[in-house]
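Open your viewer and follow along. We will select a few places and look at what is there.

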Amino acid sequence: MGDFKLTSVEEFEAATNRLLETGKKVGADGWQYRVANQTPHCKFGETGICCRICSMGPCRITPKAPRGICGCDAHGIVARNYLRFTAGGAATHSDHGRSICHTLYCTAPDGNYKVKDPEKLIRIAKEWGVETEGKDIYDLAHEVAYLGLSEYGKVFGNQNFLKRAPEHTQELWQREGIAPRAIDREVSCSMHMTHMGCSSKAEALIRQSLRAGLSDGWGGSMAGTEFSDVLFGTPKPIDTEANLGVMNADNVNIVVHGHDPALSEMICEYADSPEMIAYAKEMGAKGITISGVCCTSNEVAMRRGIPMAGNFLQQENVILTGACEAIVVDVQCIFPALGPLAKCFHTKFVTTSEIAQMPESDYIRFEPENAGENAKAIVKLAIENFKNRKPELVHIPDMKQKATVGYSFEAIVKTLDTVTNSQVDETGTTKPLIDCVKSGVIRGAVAMVGCNNPKIRPDTAHIELMKKLIANDIIIVASGCAAQAAAKAGLMDKAAKDLCGAGLKRVCELADIPPVLHMGSCVDISRMMILVAELAKDSGWKISELPVVGCAPEWMSEKAVSIGNYVVATGIDTFLGVDPYISGSDQVYKLLTEGVREWVEAAYTIETDIDKLVDRMIDRIEEKRDALGI
Ligand code: BF8
Ligand code: SF4
């Protein structure tokens, strides 16, 4: 343990610069150059006061032109843009969830997809009032999947999963009129409200933003997470590695990128088969290495220990190594730049979803019905491409860290229960965690989530915030690209306990956990919602009273805004390091940072100075402790 050392952002950057040198030789573009071409950004767009939702515009608000042609003011325009941003994110997460429900519907004992966690399926079935006694597990899977799909267009009532929230939270949602109805309805309703000539009242638009967010976090994303677990297994702690050094120059390298585990699981399955490994050897490689980028990487790391090549702003780097035979993608967060970039190398850029079709890619459409066959075809395509490598372009940075990942809600409960109870209780509670918080050995928790964004020096905010928080005995649960930043730096190595304050260090030693717990992909922020709901029920505190905050310091996507809205609407103060285009309206800014607290007992803090951001989070956690008298 003595020689444990974090990898610094400076080291990440040196590795990237070396790869960009290779890129220059082959005439490759890179996001670093495109940022320079795109900045400074348009001020109207940046502050949210440009409206182009009807063809009388675009209208832009200035002191001389305080209203659009229809008469809408800055507050209406900013709030409408904010709601549309949210709806984009909610739709995206939820459609991913729908696709998982559909995959579950297609399971069969001899099919491409099977039920891997029948206990979880039975638990959900009982929760939803489905008769389970004496039923074939596949019949049950189809019945539950059908109900899951029906949540999207539910005719009456609210989302099923809302009942998982503590009573008090459910009451707040009802009282404020933000309990989500059918998942699709909240997205449609948001588009309707923001159509020309509908809502221009900021308060109404922000209220709907919370409701649309909730339809994601407690609806579509939760379906995505829960049914992925049923299909592919509920994650348990597992060791892996992170950063570009996980790629192997002697092997065929296949990189999986995107979000839906239905693709990546199948690719991993085939790449691991003796038949494919033998074929790779025949083609001159020593074996096959699969690694991941973005949330797909989180999914397969959590369930299979597949190493993580990198996060969002590192996606071009995997091709720049010159050693990537194929980058296989499904949906979301995939740079259209990958097509032209792959053409500068021998890399095959394989798109697989009708949702994410891109020029200069090989499109192999992936459906549950043809998943096995197509996964095999993709793995073969990569193997056969090995011979086309240009050895003079190959350079894989010698940089990786160890990480222990796979802390689903169930795994966290079980891990902590093992510490306090000698006999392992399968149905443990969050009480050991609450005891640690009450006694002060852990001061609180931060849910660190979200992306990279060139507006912030990539990964710095994630890593610096996490370092300071754990030094202050604040445990981190992380997901998405924030989790990968932590893993690349080494913060998910159990040895990182040495960077913690004395209290958290002791908890890490006793429970044998790293101080930053990997909870999965971005849809898995629903796991965090379940965790806080259970913490509230087990402690008797309200969610808003828990010394817990959310943070997305480097976020960039619409999904992140949808997430922020449901995290706040669940009662958790949320800290953003990038402004969501709202500075053009003091009314909207005030609503989001103060006003919503009256509705849901939590609000946003927007702070682009990262040092201040971390101090404000620590202060907030300590304020909550004081209020609880602990
Ligand atoms: O859903 S953290 S860059 S990969 S949006 Fe995308 Fe952001 Fe990464 Fe996953 Ni989430
Ligand atoms: Fe302009 Fe109003 Fe049309 Fe927006 S809706 S573009 S503000 S006229």
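Select helix 4 (residues 74-105) and helix 8 (residues 183-193). Helices here are DSSP runs of H or I, at least four residues, numbered from the N terminus. The two pack at an angle of about 155 degrees, with axes 9 Å apart. Axes are lines fitted to C-alpha atoms over the stretch in contact, and angles run from 0 to 180 degrees between N-to-C directions. Helix 4 and helix 8 are therefore roughly antiparallel, a label for angles over 145 degrees.

This is a predicted model: local features need pLDDT of at least 70, side-chain atom pairs count only at pLDDT 80 or more, and totals for chains, interfaces and linings use all residues. Residues are numbered from 1 along each chain as its sequence is written, chains are lettered from A and ligands numbered from 1 in the order in which they are written, and side-chain values use heavy atoms, leaving out hydrogens and water.

Now show side chains. In helix 4, Leu 83, Ala 87 and Arg 98 are among the residues that meet helix 8. Helix 8 brings Ile 183, Asp 184 and Met 193, among others. Contact means heavy atoms within 4.5 Å.

Next, select Phe 227. Which residues does Phe 227 touch, not counting residues up to four places away in sequence? They include Ile 100, Leu 104 and Trp 128.

Finish at Glu 623, in helix 25 (residues 610-628). At 45% relative accessibility, Glu 623 counts as partly exposed, which means between buried (under 20%) and exposed (over 50%), with a 1.4 Å probe and protein chains only.

Notes:
Angles under 35 degrees count as roughly parallel, over 145 as roughly antiparallel, 65 to 115 as roughly perpendicular and the rest as oblique.
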